[in-house]
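Please take me on a tour of this model, one selection at a time. I have it open in a viewer and would like to know what to click on and what I will find there.

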Number of protein chains: 2
Amino acid sequence: MDLIWIAPAGALIALLFAVYNAYKVKRADQGNDRVRELSGIIKQGANAYLKRQYKTVGIFFAAVFAILLILSFVKPSGMPEGLINVFTPFAFLTGGIFSGLSGFLGMKIATAANGRTATAAQNSLNKGLRVAFSAGSVMGFVVVGLGLLDTSLWFILLKYAFKLDPAALSGAMITFGIGASTMALFARVGGGIFTKAADVGADLVGKVEVGIPEDDPRNPATIADNVGDNVGDVAGMGADLYESYVGSIISAVALAFGAFGTVQEGASTDGNVIFGKMMVPLILAVVGMICSVIGTFFVRCGTSTEQKKLLGSLRRGTYIAAGLFAVCAFPIVYFILGKENIGVYGAVISGLLAGVLIGYFTEYFTSDTYKPTKKLAKSSETGPATIIISGLSLGMRSVVAPVVIISVSIIASFMLSGGNFGDGMNRGLFGIAISAVGMLSTLGITLATDAYGPVADNAGGIAQMAGMEEEVRDRTDALDSLGNTTAATGKGFAIGSAALTALSLIVAFTQRINMMGGDFKFRIDITNPVTLVGIILGASLPFIFAAMTMDSVGVSAQSIIGEVHRQFKEKTGILDGKEKPDYAKCVDICTKSSLRQMIMPSVLAVLAPVVIGLILGPNGITGMLCGATIAGFMLAVFMSNAGGAWDNAKKYIERGNHGGKGSDAHKAGVVGDTVGDPLKDTSGPAINILIKLLSIVSIVFAYIIMNYYLIKF
Amino acid sequence: MDLIWIAPAGALIALLFAVYNAYKVKRADQGNDRVRELSGIIKQGANAYLKRQYKTVGIFFAAVFAILLILSFVKPSGMPEGLINVFTPFAFLTGGIFSGLSGFLGMKIATAANGRTATAAQNSLNKGLRVAFSAGSVMGFVVVGLGLLDTSLWFILLKYAFKLDPAALSGAMITFGIGASTMALFARVGGGIFTKAADVGADLVGKVEVGIPEDDPRNPATIADNVGDNVGDVAGMGADLYESYVGSIISAVALAFGAFGTVQEGASTDGNVIFGKMMVPLILAVVGMICSVIGTFFVRCGTSTEQKKLLGSLRRGTYIAAGLFAVCAFPIVYFILGKENIGVYGAVISGLLAGVLIGYFTEYFTSDTYKPTKKLAKSSETGPATIIISGLSLGMRSVVAPVVIISVSIIASFMLSGGNFGDGMNRGLFGIAISAVGMLSTLGITLATDAYGPVADNAGGIAQMAGMEEEVRDRTDALDSLGNTTAATGKGFAIGSAALTALSLIVAFTQRINMMGGDFKFRIDITNPVTLVGIILGASLPFIFAAMTMDSVGVSAQSIIGEVHRQFKEKTGILDGKEKPDYAKCVDICTKSSLRQMIMPSVLAVLAPVVIGLILGPNGITGMLCGATIAGFMLAVFMSNAGGAWDNAKKYIERGNHGGKGSDAHKAGVVGDTVGDPLKDTSGPAINILIKLLSIVSIVFAYIIMNYYLIKF
């Protein structure tokens, strides 16, 4: 039997497991009327947002689809096969649709689970955890299932229906990430702007101006804030991680051809043997998915709301999944790639380890159980200025850990896979790509623990708004806090895998350029000024992108603040609880504003490689990709960790440290948290997608860039 | 006559002009007893700091000197001549001493001029301006004079006394920047920590806690704040720009050999002709210096304190100098390099223009006469969080201008100088290096307008403390404000030239490595994982360095705050004006703390290339330099501009906008300013030096790195 059928079968298992978890959620008690009402409003808002978002994105997708279609038919003479291929436009669509679908389904279940989690938490902590975690699992396995389905179906289609040879298949598939990446960028940016604008807006008027607590039902923006959690932290993250997952698999499949399909000594020229080796990333992903399913059954907790114990109960699941995967990956590499390539197993494990370690250090820098965030909280005593300076410094310092881990992992996976500067170059590069697959192999469960967070957060909001007892609030708070930590870990994975995948894509780009060869001298040399200029321009892109998205949050937050002010002024009874605020209006304004603000940064990401490429040519564009990837990696880590640490420092103060709630230190802490919000939930995560999208766009337009660029010496 | 003698003669002219300006300052009225007393205390504190700083740095210099000396004698067999040479240790010393001396003399005159400026401002605005500007001119021409002296004397010594051929001379001189860079880093970091710790400390206790105005004599830290302006903004900046100036000249001299001394078709092999061409950077620098002298005579103002007019009077001088230089540079290039290389003139002008443009855009992003800073000031209305987010975004967005300008300038100077990927490569690279010389050619006067700022700032402080009339305060305030703008322009030059020089040094490094050649395959290819890892590690260095220096400011500020609290508590009469605070104690604490905090970041800068080099080898180190330069460039622009904009936004609010002094918007503005302080005056400027020092250290240790590195595939 052809091994490839394992992949769609795996996809089916993952999706069935998601359905099973969805059933578990649906089975849970929906709660009382008030809970259902609140839940309903949130759901409605989130649906309305997504609907409008998909409409906006749809126009963009239609335009790009048309361009790709034209490009794939208008084939200039002498153009090699499989460069811009006729499949790309359609793969662009499937990637975009599946990525969007991942976010949509994840959000559907999250909005169904929030009230149920709050209600279950009335019974016991464990019941609350189980409902929220089941909802997270739906998201985790939908992403993995759809990702496997998308990649494996295309693989099968190209191989059997269109009968492409391995070289053409690898060339075609490398462009297939563009749809997922574009969708992910829109979802992350749009959702990220929405969630943080609502959050900042609600806080600035509610907490700071009027002095009512978070999630108070009198605040007209509070529902928008909850909707934001769903469209940003759930739908946005789902689309994002779908893209990461698919991106890592696709680039490993494409580079596998380079490693095993070509001039390598002793390599078989039998197409089927090569196809078999190209399937390894897919099969590893399936195995990781099954290990993740097993892991989920080990997630349960006792009655203690102590963070360490709670975290332990989630960690147990992820560690078991990772351990199982480490064992099962060995025979796969051994039997499919053969004894002589067993080093690839080392690359897979190095990726897996790197992910775990980056997660650990992200937690170290952002959790208040460790020194850095404790010190940060202390700096609030001398006011907002010092907590900001300390937070910026903490974020910058924190880059050292992922930088070293990724560096070691790159070198290790290159060397272990038999990389060298002769024949083994391509094997080594494949090693780097496969290490990203290793890192994301257990995404099913790591994403489940991550996506669980916003559900718990929403549950807390609903518990507060529905006036549930103190004890329930304590439980949902504990679950929410836990969610912050797992979110940090999740971000670590997203950043680490983004760096590895982006580097693999750059490699794929240079290979593609070199394949086109001709009289072009490809020389990515440091002393080539075009390359240097490319690196400089590239490095500036994440900065500009971050600035744009941060500004967008500001602009959208202002529009929310204006609306809340209007409502307080016109409906004077709101603050006394006599009049009901107009929640829907806030959601609507936030939706419009964030969708408008989403356009420009996304367009920048798609146009920059084309424009820079047409001016500087292939050398410049390679430099640009390199500069953008590396500056983006630093900025993403810096922004995510600074934001995470500010958030937790504030929570630490709120638990009674340095004066506790209401003290000046707390006010300073709130400033830090507010500054950190757009950094960690809008700009930072979006940069991960940006750097990959830049590479993929360059790959898709490689032929045009190579033939029509301006600066030639 | 040998053209080279023009350089030391030029040095002499510059130094004499500095003496003339010093005489003008000394001739001015020293002011009344109170002014002299205050001036004296500041001077004493600054001297005490510098003395201790030089002692600390001295130990470090002695150690490095010993290591260099040993390395230059223990020559492994097979090592080519002129790689680590016997001159390096001594040039290390002269560079360090001259760089330190530049700062020292600049500070001497600045501390002599502050009281005199305040006193002269009692007569008229123009008189105040003239005294402060004369003091700035001393600094400007000391830096230029010593820089010319250092480089030209070594050139002469190596050529005539040691009879080196052009190749050996170029190889030897490229290492000579190490002394100046090391000294500059210490001075910038140490001085930067001092000045901002004192500033932040004084503000946090004085303005925020006790509510007394800036520069109030009752604040024990106020003198430390003034001392800080002198040791940081004057002595630190002097050492810094000495390093930039010398660095740009040296790298252009070294790359000139590559461009004109070797295989170039039709090139003369006559040593003297080549020497002549290698002198072009020095001679251009001399001409620029003379144009600067002429420019200074056009600096004068009327009675209006309006910023635009005041700025115009300073600008007149710099524009005249630049215009003259543009005219005079032509015959020099034409007659020395010959008609066939006249394109080099274009490179020089492109550098000159780039400097002016970067200065303009720096002003655009940081001055409150333009939209960005006005918008930033407006964001203070919604509190400290929004002004911080907006400032971060402004800083990140502002990288686009220098990035585009430098990119265009690199490509233009490469192409205009006849660069291509064949024989012309080295000519093009020389073009990039000479454009940095063009940018800094009129440093004499640009630095004068820059160094004038802290003198005016101090004068304002003294006028306040000495209780001078309102009118005088208005004049010194106007002069001080102007200083902020010129400081921003100066930073633009420092950053732009740092990027160009650092890139030239990287090129010099790769040339050096290739010269050593052998069986080593030099391949700076994007698909080389060692290079990639080098870039990643390199890009993280500026982040880590920035974090360390920001933390240092925090730690030192805390010690000042503690001391001021102690004094207020023990001497209860201070705040009523009945008891005198102990200014000296604050200065002393700041000195100790900043010197202690200076060590680690500086050691990082020197050790990182050696450690990374010994692990990753030449490919990795080249990647590292590239990553550090480009990430450093972005961060430096981001930090400087964000800080500058916050500073001016606060001043804009203080002038009565958005509620004016004492309003909530003003409080938010103060938070922004305080956050920006370490960014713009400590971390940002120090990064410029960091990126060059990394390159020079790599060059000096190139031989060792090449032969003893760990990771070889």
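Start by selecting H658(B), which is partly exposed because 19 other C-beta atoms lie within 10 Å, while a buried residue needs 20 or more. Keep in mind as you look that this is a predicted model.

Next, hop over to chain A and pick K163(A). You will find K163(A) in the loop that links helix 4 (125-161) to helix 5 (166-173) of chain A. Here too phi is near 50°, a positive value for a residue that is not glycine. K163(A) counts as exposed, since it has 10 C-beta neighbours inside 10 Å.

Now show both chains together. Chain B can be laid on chain A by a turn of 180° with a shift of 0.0 Å along the axis, giving an RMSD of 0.0 Å. The two copies are therefore related as by a two-fold rotation axis.

Finish where the chains touch. Chain A and chain B each bring 68 residues to the contact. On the side of chain B, the elements giving two or more residues include helix 6 (177-210), helix 17 (470-516) and helix 20 (664-700). Color helix 18 of chain B as well: its 15 residues are the largest share of that side. By class, the side of chain B that touches chain A has 47 nonpolar, 16 polar and five charged residues. Of the interface residues of chain B, 100% are also interface residues in chain A, so the copies meet through the same surface.

Definitions and conventions: Residues are numbered from 1 along each chain as its sequence is written. Chains are lettered from A and ligands numbered from 1 in the order in which they are written. This is a predicted model: local features need pLDDT of at least 70, side-chain atom pairs count only at pLDDT 80 or more; totals for chains, interfaces and linings use all residues. Copies are superposed by least squares on the C-alpha atoms of residues with pLDDT of at least 70 in both. Two residues are in contact if their C-beta atoms, placed from the backbone, lie within 7 Å. Helices (H or I, at least four residues) and strands (E, at least two) are DSSP runs, numbered from the N terminus. Ala, Val, Leu, Ile, Met, Phe, Trp, Tyr, Cys and Pro count as nonpolar, Asp, Glu, Lys and Arg as charged, and the others, Gly among them, as polar. A residue is buried if 20 or more other C-beta atoms lie within 10 Å of its own, exposed if 12 or fewer, and partly exposed in between; C-beta atoms are placed from the backbone.
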